[in-house]
Amino acid sequence: MAADRPGAPPRAWQRMLSGRRLDLLDPSPLDVEISDIAHGLARVARWNGQTSGDHAFSVAQHSLLVERLFGEIAPQATSEQRLAALLHDAPEYVIGDMISPFKSVMGGSYKDCEQRLQRAIHLRFSLPAELPESLKKEIKRADQIAAYFEATVLAGFTLKEAAEFFGRPRGFSADRLDLAPRPVTWAQSAFLKRYAEIEALRK
């Protein structure tokens, strides 16, 4: 990509394949498209790509896993809440999946950008800009269960290490979950399909 012109203000937007131009400093919900989210998340690797298998385990696959686990944790959840779970890592279609140690190094600037994007994404899909704390906790629990099994099955963590960082899940087992790393096109299509299913329930 060509460098910005000398003297010009730094470019803070990204051109998407949909044609949208998303401003990272002030993201507009109007510039958020589900096709861009699915395309991006299917191409972002979890665990910095340090996973076993012929393909990366993508954030799109992780999102599908979290939404499924959330449905088991909260079987009475509404379709809006299921969508929030599916989109819980959606900002990573723009900023990538930074591993937790790097987030700690980056500090608040990364979190601020992530939160701006998440609010814009929620508003684009008619979700609250800020989710209720109870819902965030349930989605976070599903996220940690997914992380535990991804870590132990795919990323080389010992059971002890994973339990220390993510907690040891109760009532869940890896053999019930789809943890096989899939091709990019599969992950993108599966994410879009699940989004369409949830949207159909909302109407």
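Contact here means heavy atoms within 4.5 Å. This is a predicted model, where local features need pLDDT of at least 70, side-chain atom pairs count only at pLDDT 80 or more, and totals for chains, interfaces and linings use all residues. Residues are numbered from 1 along each chain as its sequence is written, and side-chain values use heavy atoms, with hydrogens and water left out.

**View 1. Asp143 sits in helix H7 (residues 133-153).** Helices are DSSP runs (H or I, at least four residues), numbered from the N terminus. With a relative accessible area of 14%, Asp143 is buried (that is, under 20% relative accessible area, with a 1.4 Å probe and protein chains only). Setting aside neighbours within four places in sequence, Asp143 is in contact with His62, Val66 and His88. Ile95 is 48 residues from Asp143 in sequence, and their C-alpha atoms are 19 Å apart.

**View 2. Thr51 lies in the loop between helix H1 (34-41) and helix H2 (59-73).** Thr51 counts as buried too, at 14% relative accessibility. Not counting residues up to four places away in sequence, Thr51 touches Arg46, Ala56, Phe57, Leu154 and Ala155.

**View 3. Helix H3 (residues 79-86) packs with helix H9 (residues 184-202).** Their axes (lines fitted to C-alpha atoms over the stretch in contact) are 9 Å apart, at an angle of about 160 degrees, with angles running from 0 to 180 degrees between N-to-C directions. That makes H3 and H9 roughly antiparallel (angles over 145 degrees). On the H3 side, the residues meeting H9 include Leu83 and Leu86; among their H9 partners are Phe191 and Ile198.

Terms used
Helices (H or I, at least four residues) and strands (E, at least two) are DSSP runs, numbered from the N terminus. Buried means under 20% relative accessible area, exposed over 50%, partly exposed in between (1.4 Å probe, protein chains only). Angles under 35 degrees count as roughly parallel, over 145 as roughly antiparallel, 65 to 115 as roughly perpendicular and the rest as oblique.
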